[in-house]
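Hi,

Here is the structure I promised to pass on.

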Amino acid sequence: MRSQAPAIAAGRRHSVGRRWDGAVVAAGNDATSECQVAAWDGVIAVAVGSVHLANNTGRSHTVGLRTDGSVVATGWNGDGQCDVDAWRGVTAVAAGWRRTLGVAGDGTVLATGRRSEGQCDVESWREVVGISCGDWHSVGVRADGGALAVGVNRRRQCAVEQWRDLTAVAAGYLHTLGLTSDGRVLATGDRANGACEVGRWENVVALAAGSYHSVALTAEGE
C-alpha cells in the first residue's frame with residue numbers, strides 16, 4: 001500500500017505541484033534548477049528540500065516519485081541529495097536539508113545526502129510506512145504505529161520512542177509531530193515558539209510541520 005502522496009510541496013523559495021495527469025509544475029527561484037520539472041511525467045508524489053546559507057541565500061532540490069516506483073530529482077546536489085537515479089520500488093519520498101529519503105516496498109528506508117549529523121542513519125529501519133525530514137533530523141512511522149527518529153536531538157526532537165498508534169509524522173526545524181489513529185497530535189522538541197502547543201487538537205486527519213510552526217487539517221475541514 002502506498003502512503004499518502006503529497007500533491008504540493010513548498011521550499012524556501014519555490015513551490016512544486018503534481019497535476020492529476022502526473023505532470024509536475026513549479027514556480028519561484030530556479031537558481032540551482034530546482035524548478036526544472038517540465039519533462040517529468042507519471043509522478044504521484046513530490047517533495048522539496050532546502051539549504052539555508054549564512055548570507056541569506058538558499059539552495060534547493062525537488063524530488064518526484066513516479067508510478068513505477070522510480071525517483072527523479074533536480075536542483076542543488078552539493079551533498080548528493082539528488083543521487084536517486086538507481087532507486088526502485090519506492091513507495092514514499094521526503095526531502096529535507098541537504099538530503100532525500102525514500103521508503104522501499106519492503107519497508108526499509110533509502111537515504112542520500114548529508115550524513116554529518118546522523119540524519120541519514122536509517123539503514124536499520126524496518127516496516128516503515130511513512131517518513132518526514134526536518135532540518136537536521138529524520139522521522140519515520142512504522143506499520144505497527146511506532147515511531148523512529150535519527151539526527152540532532154538537542155531539543156528532544158528525536159524523543160519519539162514512546163509514541164504508539166501513529167498514522168503519520170511530521171518533522172520541523174527543532175520539533176516533531178505525530179498523528180494518532182484517533183485524531184490526536186503528539187509533539188516533542190523546542191517549545192519556545194509554540195509549535196508544540198497541540199495538546200488540545202482533536203479529529204485531525206493530516207498535519208505538517210514548518211520550521212517554527214505546526215499546521216493540521218481536521219475531519220470537519222477546518
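In what order do the strands β10, β11 and β12 sit in their open sheet, and is the pairing parallel or antiparallel? The order is β10-β11-β12, and the pairing is antiparallel.

Before the rest, some housekeeping. This is a predicted model, so to speak: local features need pLDDT of at least 70, side-chain atom pairs count only at pLDDT 80 or more, and totals for chains, interfaces and linings use all residues. Residues are numbered from 1 along each chain as its sequence is written, and side-chain values use heavy atoms, with hydrogens and water left out.

As for terms, strands are DSSP runs of E with at least two residues, numbered from the N terminus. Two of them count as paired if DSSP finds at least two bridges between them.

At residue level, V128 stands opposite R142 in β11.

**The β13-β14-β15 sheet**

This one is also an open sheet of three strands, ordered β13-β14-β15 with antiparallel pairing. Its edge strands are β13 (166-171) and β15 (185-189), each of which pairs on one side only. On average, neighbouring strands in it are turned by 20 degrees against each other, again ignoring direction.

Five bridges join β13 to β14 (residues 175-180), and the two run antiparallel. β14 is joined to β15 by five bridges as well, also antiparallel.

How many of the five residues of β15 are buried? Five of the five are, so β15 is largely enclosed by the rest of the structure. Buried means under 20% relative accessible area, exposed is over 50%, and partly exposed is in between, with a 1.4 Å probe and protein chains only. Both faces of β15 are covered, with V185, A187 and G189 buried on one side and L186 and T188 buried on the other.

Two loop residues are worth a click. D165, in the loop between β12 and β13, has a positive phi of about 60 degrees although it is not a glycine. It is partly exposed, at a relative accessible area of 42%. N203 sits in the loop between β15 and β16 (204-209) and, though not a glycine, has a positive phi of about 55 degrees. N203 is partly exposed too, with a relative accessible area of 40%.

**A histidine in β5**

Finally, go to H61 in strand β5 (residues 58-66). Is H61 buried or exposed? H61 is buried, with a relative accessible area of 1%. Its side chain reaches the backbone oxygen of R99 at 3.3 Å.

Cheers

How values were computed
Helices (H or I, at least four residues) and strands (E, at least two) are DSSP runs, numbered from the N terminus. Axes are lines fitted to C-alpha atoms, for helices over the stretch in contact, and angles run from 0 to 180 degrees between N-to-C directions. A polar contact is a pair of N or O atoms within 3.5 Å; within protein, one must be able to donate a hydrogen and the other to accept it, and residues adjacent in sequence count only if both atoms are side-chain atoms.
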